[in-house]
Amino acid sequence: MEKKISMEKLVNHCKNMGIIFPGSEIYGGLANSWDYGPVGIELKNNVKKAWWTAFVQESEHSMGVDASILMNPRVWEASGHVASFADPLMDCRECKTRHRADKLIENHSKGGVNADAMSNEEMEGYIISHKFACPVCGKHNFTPIRQFNLMFQTNRGVTQEKTNIIYLRPETAQGEFVNFLNVQRSLRMKLPFGIGQIGKAFRNEITPGNFTFRTIEFEQMEHQLFCKEGQDQDFYDFYKGKSMEFLGGLGLPAEKLRFKDHEKLAHYAKAACDVEYQFNFGWGEINGVHNRTDFDLSRHQEFSGKNMEYTDPITNEKFIPYVVEASYGLDRIILALLDNAYEIETLEDGTEREVMRFKPEIAPFKVGVMPLIKKLHAEKAHEVYRILAKKFRVIFDETGSIGKRYRRQDAIGTHFCVTVDDETINNGTVTVRFRDSMAQEVVKLEDLKDFISKKLED
Ligand code: GAP
């Protein structure tokens with residue numbers, strides 16, 4: 001039997017098991033910032049690799065880039081972020097706390113009212129007419145809504161003049177748009193083609209984050225597909241379908257995923273949808289697919305003065321391509337995977353075991369190697385570690401009873417435990433224990449690498 005896991009329990013588990021720690025913890029933390037630990041970073045790297053394989057490597061028509069986080073500030077004027085990348089905020093006049101009006105409405109209506117489709121005036125009217133209380137102090141005294149830009153600013157150079165302001169990028173997408181012609185020309189790409197990128201993005205989020213769901217620094221995996229107008233709808237449908245395929249492939253079950261089409265489209269968008277996962281706090285967006293039309297490249301042409309047109313090699317026709325964007329939040333995918341994988345299982349003997357049932361490809365460690373008795377078997381176990389580590393991410397564990405070590409590996413999702421004992425030294429065999437079934441099998445040391453490879457593929 002499995003137990004439902006609360007977010008608090010998941011956060012504690014992640015901290016205790018080296019998956020995710022609170023950011024700057026010894027200084028009291030920094031709101032909405034988290035650090036990935038030794039287990040979390042492996043999980044993250046595996047998901048990045050899966051995304052890169054699916055969106056860049058396996059697509060004949062896609063290439064990757066790694067653009068700068070700091071960009072010319074004109075980029076953010078062209079993209080519209082300086083003028084309108086803002087949240088509608090209200091202050092409580094009584095306790096001086098700040099709140100996002102749209103989130104107040106969504107939380108109050110338990111997700112029943114979609115504030116996305118409301119103007120600021122409508123949100124204010126709704127909050128007043130429903131006599132919303134401040135979630136912190138319970139009083140009814142909010143300021144009117146003000147727009148608060150989410151971009152972090154910093155200054156380039158030694159003076160803090162306005163002309164020196166630069167921004168930490170709030171999305172990776174612009175690094176792909178500004179390099180459209182560089183990629184197209186340097187690698188002789190023909191439309192339709194895509195550019196993928198994985199990297200950090202920063203947003204000055206003030207609402208509490210539900211663990212890593214909403215953070216001020218996060219990673220995005222974004223793919224922009226450049227095509228001719230008229231092909232955009234087909235690509236939009238394709239990338240919608242690919243979302244479910246990709247997330248399902250990571251191990252997220254279809255019944256916990258759904259599409260949410262945007263009711264209020266950004267002024268440049270022709271169509272947009274989110275893919276939501278059913279977290280323990282409710283449905284939340286983990287990725288989006290957006291038909292951005294020719295807005296991005298047209299705006300960069302206008303603001304940079306550089307011609308962003310593509311010339312069709314057959315017809316010689318010149319035009320600005322359309323863009324279909326597939327944008328994934330890596331940290332939200334990780335959170336969904338943790339939420340989905342974590343189980344507290346009651347065993348037949350009535351004891352409980354914590355287990356993270358990750359799929360083999362994304363499990364942080366594939367194998368745990370452990371000497372049965374440290375004094376007698378550690379040397380041989382280190383040898384086994386070295387053999388396996390050439391092929392898999394392996395963890396060595398020699399502390400505590402073998403039963404406790406098995407449970408510790410279950411709790412971080414390690415697929416197999418390999419125990420080295422007298423039989424290894426005398427007969428050249430090891431015991432392989434499977435995470436999910438807890439069954440054990442004796443395997444010859446010389447066959448171990450192939451045995452594990454095969455089982456991971458099954
Ligand atoms: N280029 C388009 C773009 O950035 P977005 O919907 O603003 O679109 C894309 O962001 C994805 O980035 C989201 O689906 C989400 O997974 C992730 N994301 C956005 N803000 C985030 C935050 N504050 N913390 C963690 N992930 C975030």
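Guide: We start at the ligand and then move on to the aromatic rings.

A word on the ground rules. This is a predicted model, in which local features need pLDDT of at least 70 and side-chain atom pairs count only at pLDDT 80 or more, while totals for chains, interfaces and linings use all residues. Residues are numbered from 1 along each chain as its sequence is written, and side-chain values use heavy atoms, with hydrogens and water left out.

Now the ligand. There are 19 residues around it, and E171, E205, E222, E285 and E325 come nearest. A residue counts as near if one of its heavy atoms lies within 4 Å of the molecule. By class, this shell has nine charged, six polar and four nonpolar residues. Here Asp, Glu, Lys and Arg count as charged; Ala, Val, Leu, Ile, Met, Phe, Trp, Tyr, Cys and Pro count as nonpolar; the others, Gly among them, are polar.

Which strands build the shell? β10 (217–227), β13 (282–293) and β16 (322–329) each supply at least two residues. β13 gives the most, with five. Helices (H or I, at least four residues) and strands (E, at least two) are DSSP runs, numbered from the N terminus.

Next, the polar contacts. Each is a pair of N or O atoms within 3.5 Å; within protein, one must be able to donate a hydrogen and the other to accept it, and residues adjacent in sequence count only if both atoms are side-chain atoms. Take Q220, in strand β10. A polar atom of its side chain lies 3.0 Å from a ligand oxygen. The side chain of Q220 also reaches the backbone nitrogen of T172, at 2.9 Å. Q220 is buried, with a relative accessible area of 6%. Buried means under 20%, exposed over 50%, and partly exposed in between (1.4 Å probe, protein chains only).

The backbone takes part too. A polar backbone atom of I286 is 2.9 Å from an oxygen of the ligand. For G329, a backbone N or O atom lies 3.2 Å from a ligand oxygen. The protein covers 91% of the 550 Å² of accessible area that the ligand has on its own. Such areas come from the Shrake-Rupley method with a 1.4 Å probe; for residues, only the protein chains shown count as cover.

Now the rings. The structure holds 23 aromatic pairs. Rings of Phe, Tyr and Trp (its six-membered ring) pair if their centres lie within 6.5 Å; planes under 30 degrees apart are stacked, over 60 edge-to-face, and the rest tilted. W34 and F211 have ring centres 4.7 Å apart and planes at 85°, so they are edge-to-face. This pair links distant parts of the chain: W34 is in strand β2 (residues 34–36), F211 is in the loop between β9 (193–202) and β10, and 177 residues separate them. W34 is partly exposed at 25% relative accessible area, whereas F211 is buried at 6%.

F55 and F246 are also edge-to-face, because their ring centres are 5.7 Å apart and their planes stand at 80°. F55 is in helix α2 (residues 38–57) and F246 in helix α9 (residues 232–250), 191 residues apart. Both F55 and F246 are buried.
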